[in-house]
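My notes follow in the order I checked things.

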Amino acid sequence: MAFLSMQGISLAFIGVQIFDGVNLTIERGEKVGLVGRNGAGKSTLLRLIEGSVKPDSGAVSVQKGVRSAYLSQEVPPDLPGTVFDVVASGSREYVDLTTRNPSPTAKLLHEGTPPVREELDRIHHNLDMEGVWYKREQVNKSLSQLGVDAGRAFSSLSAGLKRQVLLTRALVGEPDILLLDEPSNHMDIDSIKELEQMMVRFTGALIFVTHDRMFLQKIATRIVEIDRGRLFDQTCDYETFLVRRDANREAEETKNALFDRKLKQEEHWVREGIKARRTRNEGRVRELEKMREMRSSRRDRPRNVKMEAQEAERSGTLVAKADNIGFNYGDTQVISKFSTTILKGDRIGILGPNGSGKTTLLRLLLGMLSPVTGTIRLGTNLQISYSDQLLEQLDENKTAIENVGDGNDTVTVNGKSRHIIGYLQDFLFSPDQARSLVSVLSGGERKRLMLARLFTKPSNLLVLDEPTNDLDIETLDLLEGLLIDYTGTILLVSHDRTFINNIVTSTVVFEGDSVVKEYVGDYDDWLRQRPQEAKPSRASASKQEAPPAQAPRARLKLRFSEQKELDALPQTIECLEREQQESFQTMGDPALYKKDKADIVAMNERLEELKRLLAKAYERWEELEQLRLDMENSRLSK
């Protein structure tokens, strides 16, 4: 019998069919990644398995004796007690004891209601007296590896640390099924990599939702996409899934196009003159009615977000220059003797642990803070669009329209006036949502609203602090495409390694003890270049005990940026060759040599430059085309 079985599950919310008769079985050892658009039902599926949501029809069956643990996307706001109390509450023995000794406060501790300190002490005393508190050492060991003081109040932790503590609570109960909803949210890269190691070691069934594509690729052995109430279930890694999904969608579009063409022909037939209607085939009419019903019930794929950035006039060549800057918060030094020069068109990713000073560095480089030591010089003609991590630029007491339109009914995007309702519909807000207060919007909706606001203003410097949190993967892909096409300068703080790889050309990394260094290339390039001592040292003992990480899987598809570059190269080569040919013709015209000598020298220099650019473009095209062919062959051989 399977660990978990879902048969004929149907569920609707407010008239929207979330699941329409879906089936799903999960076996021990499977690591299942749930993907789909925001609102598709990923979190709902986890809650159906966990039991807090009941289906309208169908059944969820769990093998007898199988234990599960659930980590929700939202961190409980008022979870009481110390870090130790929270983690220990996940112990199976702790749960069993609170059932046998029905202290109301012990039950409240599990439900998240603040108990009295004396009641917590009594729970601990009872655990010790009954001799079942043998989990204490395990809890302490887990917290030691996490690097968190067991006696610290849970409420005082950052959002990222809270999620790590809650995950530790889920694991300490030794569940057979682990349900994780966006487990890497608010975590820094080092913490995400530790989470990956934990999930590789986990031997039970893992079912998780994430927008982190690298995490998904490294962990998932099976991908289940929720799409229009149905499941597209593939036993493979994420990159292979994308190839299969694209093929499936293409086949669906072809099938729908053929169906629609036939329906149109039949509608034309039935609308012919009186003579045709007298002699028409009644069976054919009934078939047409059936086709109409099928077309009416068909759920087309939801629209994608439509984004376009407004680019201002170009800035000066120099965007910002930092010379030996340092910054302190009180007695704590955050940045020491850091220098950098940011030029027009640079795409810089800023990496580092939570709390290391990434946002502080952004504000220093933008002139919003002054360094304690050293100097910062900003370039000329800078027009900055800034998206902050906490979305503080959004007023929760105003509507989406008011936040984006600033009191106006229209916005101007790339010279065109748009009604605010229509503009927000491009970001998937219905008219009712557009008139709703920001306070009632979900995390993903707020992030989309922030992007809508950001792109109403022309810019030549985009500053994005954690832009990927809460966005679904398809919207992430679209945002990447927009940023790849953006010709201005980009400063980016993100823990999404795939996003960094696809966007940036250099990285600035916080490497501990206020040391900040700059590297050429993206996240993967930094991994190759970084010094040994820069490698994360937190929880090193647990890492030493961990089994070797899984070997990286070969990529089966070009990155978004690589495909974009490959598609553009033929046109680039054509333009360069056209200019080269025109230059040759000009050089062959005797009239040229009657001009100033400087013009002739400039023409020769441009010809040499064209020669170099063409050689480089051809070399890059051959490199990417060969990479594409190798991946195609690898995919076909699987």
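Is Asp20 buried, partly exposed or exposed? I looked it up in what is a predicted model: Asp20 is partly exposed, at 34% relative accessibility.

**Entry 1: the Asp20 pair.** Arg230 makes a salt bridge with Asp20, and the closest N and O atoms sit 3.8 Å apart. I placed both ends: Asp20 is in strand β2 (residues 16-26) and Arg230 in strand β9 (residues 230-234), so the bridge ties together parts that are 210 residues apart in sequence. Arg230 is partly exposed too, with a relative accessible area of 48%.

**Entry 2: a pair out of the solvent.** For burial I got 3% relative accessibility for Asp212 and 0% for Arg497. With the cut-off for buried at under 20%, Asp212 counts as buried, and so does Arg497.

**Entry 3: a pair within one helix.** The side chains of Arg628 and Glu625 meet in a salt bridge at 2.6 Å, N to O. Both are in helix α23 (residues 597-636), and because they are three residues apart, about one helical turn separates them. Arg628 is partly exposed at 28% relative accessibility, whereas Glu625, at 18%, counts as buried.

**Entry 4: the wider tally.** How many salt bridges does the structure hold? I got 30. I also found a network of salt bridges that links Arg37, Glu225, Arg245, Arg249, Asp472 and Glu474.

**Entry 5: nonpolar cores.** I moved on to the greasy side chains. In soluble globular proteins, nonpolar side chains tend to be buried together. Here the largest nonpolar core has 46 residues, and the members that touch the most others are Tyr423, Leu424, Phe427, Leu449, Phe455 and Leu483. I picked Leu424 and skipped its neighbours within four places in sequence; what remains in contact with Leu424 is Ala400, Ile401, Val404, Phe429, Ala434, Leu449 and Ala452. Leu449 turns up in both of my lists. I also logged a second, separate core of 41 residues, with Ala69, Phe84, Met187 and Ala220 among them.

Key. Residues numbered from 1 in each chain as written. Predicted model: local features only at pLDDT ≥ 70, side-chain atom pairs only at ≥ 80, totals over all residues. Heavy atoms only, no water. Salt bridge = Lys/Arg side-chain N within 4 Å of Asp/Glu carboxyl O. Helix = DSSP H or I, 4+ residues; strand = E, 2+ residues; numbered from the N terminus. Buried < 20%, exposed > 50% of the residue type's maximum accessible area, 1.4 Å probe, protein only. Core = buried A, V, L, I, M, F, W, Y, C linked by side-chain atoms within 4.5 Å. Contact = heavy atoms within 4.5 Å.
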